[in-house]
Amino acid sequence: MADIKQDSPNSPLDAPIPGQSLTAPLGDRPWQKPARYSTPDEALAFYLQRITRPKRATELMDILENGVPVDTLVDILQQGAVMEGVHSLDVGIIIAPALTEVISNMAEAADVEHVKMSKGEDEKKATSAEVIFALKKDEAEDMPKIIEESDVKEESKGLMARRAM
């Protein structure tokens, strides 16, 4: 076998990760660049400007009327903003309580019944797909029923699978 030198220009340790050529170059994705808003105040102002627009506020109230908890809605809004490079994940975590309060107050002012916090682990939570469905309910009337992964029981297989006795 050939002797591999660490400092040679063709070292296998410097090879690309398998599948890397099928993805975008490093730095091309929004989350790989500095965020547009780096402080919680800037990020909160961004959200307030967007969610208080009449059309967006109506969409948010429709989602809440469909039973999606406010904290789940806030989490999904933040995940999208992080992926778009609007703010970092830690800024999103910092402003989450304020966003939850703002959206809850908007719902109360509009007399919309809403759930502020998600239910316990044993009860069903709204999935991202359900929120997207609620956002696009007019366009998605033919969409099949959404089934959560936890609803589908799959038998464990393999060497380390546990068996019920």
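Which residues of the largest nonpolar core touch the most other members? In this predicted model, where residues are numbered from 1 along each chain as its sequence is written, local features need pLDDT of at least 70, side-chain atom pairs count only at pLDDT 80 or more, and totals for chains, interfaces and linings use all residues. Side-chain values use heavy atoms, with hydrogens and water left out.

The residues asked about are M61, L64, L73 and I103, in a core that has 23 residues. A nonpolar core here is a set of buried Ala, Val, Leu, Ile, Met, Phe, Trp, Tyr and Cys residues joined through side-chain atoms within 4.5 Å, and buried means under 20% relative accessible area, exposed over 50% and partly exposed in between, with a 1.4 Å probe and protein chains only. Helices α1 (40–51), α2 (54–65), α3 and α4 (89–109) each supply at least two residues of this core, and α4 gives the largest share, seven residues. The helices are DSSP runs of H or I with at least four residues, numbered from the N terminus.

Two packed helices are described by the angle between their axes and the distance between the axes. Axes are lines fitted to C-alpha atoms, for helices over the stretch in contact, and angles run from 0 to 180 degrees between N-to-C directions; under 35 degrees counts as roughly parallel, over 145 as roughly antiparallel, 65 to 115 as roughly perpendicular and the rest as oblique.

The axes of α1 and α4 come within 10 Å and cross at roughly 30°, which makes α1 roughly parallel to α4. On the α1 side, P40, A43, L44, Y47, L48 and I51 meet V91, I94, I95, A98, L99, V102, I103 and M106 of α4, contact meaning heavy atoms within 4.5 Å. For α2 and α4, the packing angle is about 85° and the axes are 10 Å apart, so α2 is roughly perpendicular to α4. A57, M61 and L64 of α2 make this contact with I103, M106 and A107 of α4. Leaving aside neighbours within four places in sequence, M61 is in contact with I103, M106, A107, A110 and V112.

The axes of α3 and α4 come within 9 Å and cross at roughly 140°, and α3 is therefore oblique to α4. This contact involves V70, D71, L73, V74, L77, Q78 and V82 of α3, and residues of α4 including L89, G92, I93, L99 and I103. Within α3, the buried residues are V70, D71, T72, L73, V74, Q78, A81 and V82. The 14 residues of α3 (residues 70–83) should span 20 Å at 1.5 Å a residue, and the end C-alpha atoms are 20 Å apart, which agrees; the expected span is 1.5 Å times one less than the number of residues. Just after α3, G85 takes a positive phi of about 80°.

D111 has a positive phi of about 55° although it is not a glycine, and it counts as exposed at 71% relative accessibility. V115 is partly exposed, with a relative accessible area of 33%. Not counting residues up to four places away in sequence, V115 touches V68, P69 and V70, while the C-alpha atoms of V115 and E65, 50 residues apart along the chain, are separated by 9.0 Å.
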